Amino acid sequence: MDPKRARESPESAVLSRPSAFPDEVLERILSLLDTHKDRSSASLVSKAWYHAERWSRARVFIGNCYSVSAEILVRRFPNIRSVTLKGKPRFSDFNLVPQNWGADIHSWLLVFAEHYPSLEELRLKRMTVTDQSLEFLALKFPNFKSLSLLSCDGFSTDGLSAIATHCRNLTELDIQENGIDDISGNWLNCFPDNFTSLEVLNFASLNSEVNFDSLERLVTRCNLLRILKVNKTITLDQLQRLLVRAPWLTELGTGSFIQELTPRQYADLETSFKGCRNLQTLSGLSEATALYLPALYPACANLTFLNLSYAALQSEELARLLAYCAHLRRLWVLDTVEDKGLEAVGQNCPLLEELRVFPSDPFDEEIVHGVTELGFLAVSYGCRKLRYVLYFCRQMTNAAVATIVRNCPDFTHFRLCIMNPGQPDYLTREPMDEAFGAVVKNCPKLQRLAVSGLLTDLTFEYIGTFAKNLETLSVAFAGSSDLGMQCVLEGCPKLRKLEIRDCPFGNKALLSGLEKYESMRSLWMSACKITMNGCRLLARKMPRLNVEVMKDEESNDGQSYKVYVYRSVAGPRRDAPPFVLTL
């Protein structure tokens with residue numbers, strides 16, 4: 001045997017092995033892989049596969065915009081046409097990340113304009129996007145087709161006007177839950193009269209009144225439109241006119257239901273919904289009432305997703321609606337449906353896989369309605385295929401959660417939010433440790449977990465011992481000591497994101513994850529017992545991590561207030577504001 005070959009490791013031997021396929025064939029094969037994980041795994045097979053995957057990849061997903069730079073991205077993948085990019089930590093949704101923290105898209109666009117002139121799709125989440133950036137995007141990328149902005153900020157409807165004016169090949173404009181300066185609805189008028197390519201239009205979260213005549217003409221021209229979600233300013237009779245012109249829609253977000261309809265108008269509305277035979281997703285229904293809900297019934301037969309998170313329905317109204325939704329797989333509701341409404345879910349939705357129950361008023365502590373463990377139990381008895389739950393409630397018991405996960409052991413996402421911090425089992429007054437212990441013991445497929453209520457370190461011992469497929473863990477107002485966090489970091493091999501706030505975890509807990517953090521995407525800690533010295537020690541021991549500290553203005557006790565730790569191949573970011581200290 002060649003001594004040189006004998007010294008090679010098995011990994012290097014595989015990487016140096018020539019491919020059995022011509023490059024063109026290999027690139028074609030790799031183009032059939034759908035997921036980013038599969039493509040990344042394929043790139044590790046050999047040098048030939050690495051290069052083929054490099055040249056054939058057209059889509060890229062980046063879960064943290066500071067984990068890599070645009071310059072590194074374009075060197076690695078020269079032919080990208082679609083970019084999905086996430087920016088700020090998730091806790092920015094709860095106003096825990098200071099304003100002007102960063103995650104501005106413009107520096108990326110400058111690089112893309114030079115290296116990706118054929119860019120077609122940009123999907124951004126929690127990024128800062130200015131009107132200047134949107135105009136640059138519209139002018140510099142002639143083939144641009146798809147823009148999705150979710151929970152972004154920094155722009156106004158003027159930026160949307162630039163997109164509508166200049167993106168002549170646009171197929172998707174999806175604007176969701178953004179911090180936008182909603183100046184006016186005139187941006188819809190900017191689509192050229194010969195523009196016909198739109199397939200997705202979502203402006204449900206905007207507030208300004210749009211020119212309905214412009215919207216109606218746009219919908220009429222765009223024969224390929226399949227997703228339309230309008231805002232609250234669109235009335236029921238206007239909605240009816242839109243449905244007549246686009247009965248082939250698969251997803252519909254309605255406007256406001258506050259309107260007095262004549263019998264003729266109501267009949268026309270009902271007829272229009274009856275013609276929507278392809279409808280699979282229905283949302284909006286702002287301020288819907290029992291008076292006009294029956295008009296929707298003919299369109300519910302094929303629904304798989306019903307989003308009622310903006311419709312404060314009562315239990316009877318929900319029950320009557322669900323009787324027509326036999327194929328429902330996803331359901332979002334407000335807690336105004338109460339336990340009786342959730343009983344109707346269990347009775348009518350045997351195929352349900354995802355349930356989200358949101359609080360109608362999370363800040364009203366004297367609220368008399370809401371949901372309890374009884375509603376959750378009722379769903380678990382009737383919906384045995386349930387695998388994703390987000391459940392906001394004001395009371396829960398260990399026994400109820402144990403029964404729920406025995407009924408539904410296929411949970412991949414279990415997010416239970418008991419809204420009063422530190423709330424125990426309201427019947428036994430015991431901590432909620434056994435509830436979450438039951439979750440991780442009975443749900444081996446669990447990938448995401450959010451814990452709440454009165455919890456000791458025992459909960460985290462259970463998580464570290466049993467949650468071997470857990471990828472994301474969110475913790476608030478929980479734990480007894482550093483041991484809790486240590487158990488999670490030492491026991492969850494697939495953990496990628498750990499989010500912690502208002503917990504008694506200190507330096508010892510932070511430093512227990514030294515061997516873990518480089519395999520994770522990020523760690524967020526705020527209002528914990530970490531000191532600046534602990535953060536500096538972590539940064540010194542792990543130089544390939546970015547350790548960012550955001551100091552509380554009122555803190556003078558030597559404890560850092562917010563800490564964000566993430567791996568990066570780009571080094572410390574260059575746009576950190578003064579209140580962010582990178583160690």
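Start by selecting helices α16 and α17: Asn398, Val401, Ala402, Val405 and Arg406 in α16 meet Asp433, Glu434, Ala435, Ala438, Val439 and Asn442 in α17. Contact here means heavy atoms within 4.5 Å. Helices are DSSP runs of H or I with at least four residues, strands are runs of E with at least two, and both are numbered from the N terminus.

Before going on, some ground rules: this is a predicted model, where local features need pLDDT of at least 70 and side-chain atom pairs count only at pLDDT 80 or more, while totals for chains, interfaces and linings use all residues. Residue numbers run from 1 along each chain as its sequence is written, and side-chain values use heavy atoms, with hydrogens and water left out.

**Stop 1: α16 and α17**

Keep α16 (residues 398-407) and α17 on screen. Their axes are 7 Å apart and the packing angle is about 10°. The axes are lines fitted to C-alpha atoms, for helices over the stretch in contact, and the angles run from 0 to 180 degrees between N-to-C directions. That makes α16 and α17 roughly parallel to each other; the cut-offs are under 35 degrees for roughly parallel, over 145 for roughly antiparallel, 65 to 115 for roughly perpendicular, and oblique for the rest.

Now colour α16 by accessibility. Eight of its ten residues are buried, so α16 is largely enclosed by the rest of the structure. Buried means under 20% relative accessible area, exposed means over 50%, and partly exposed is in between, using a 1.4 Å probe and protein chains only. To see the buried set, pick Asn398, Ala400, Val401, Ala402, Thr403, Ile404, Val405 and Asn407. Show α15 (373-382), β16 and α17 too, as these are among what covers them.

**Stop 2: Arg429**

Next, go to the loop between β16 (413-418) and α17 (433-442), where arginine 429 sits. Arginine 429 isn't a glycine, yet its phi is positive, at about 65°. Most residues other than glycine have a negative phi. Arginine 429 is exposed, with a relative accessible area of 52%.

**Stop 3: Asn100**

There's another positive phi at asparagine 100, about 60°, and again the residue is not a glycine. Look for asparagine 100 in the loop between β2 (82-86) and α7. At 67% relative accessibility, this asparagine counts as exposed.

**Stop 4: α7 and α8**

Select α7 (residues 106-115) together with α8 (residues 131-140): the two axes come within 10 Å and cross at roughly 15°. Helices α7 and α8 are therefore roughly parallel to each other. For the contact, show His106, Leu109, Leu110 and Ala113 of α7 with Gln132, Ser133, Phe136, Leu137 and Lys140 of α8.

**Stop 5**

Alanine 576 lies in the loop between β22 (562-567) and β23 (580-582), and is partly exposed at 29% relative accessible area.

**Stop 6: α12**

Finish at α12 (residues 263-274), a helix of twelve residues that reaches 16 Å from its first C-alpha to its last, close to the 16 Å expected at 1.5 Å a residue. The expected span is 1.5 Å times one less than the number of residues. Select Tyr266, Leu269, Ser272 and Phe273, the buried residues of α12. They cover an arc of only 125° around the axis, which puts them on the same side of α12; the arc is that of the directions from the helix axis to the C-beta atoms. These buried residues pack against α11 (236-245) and β10 (251-253). Turn to the other side of α12 and you'll find Pro263, Arg264 and Thr271 exposed.
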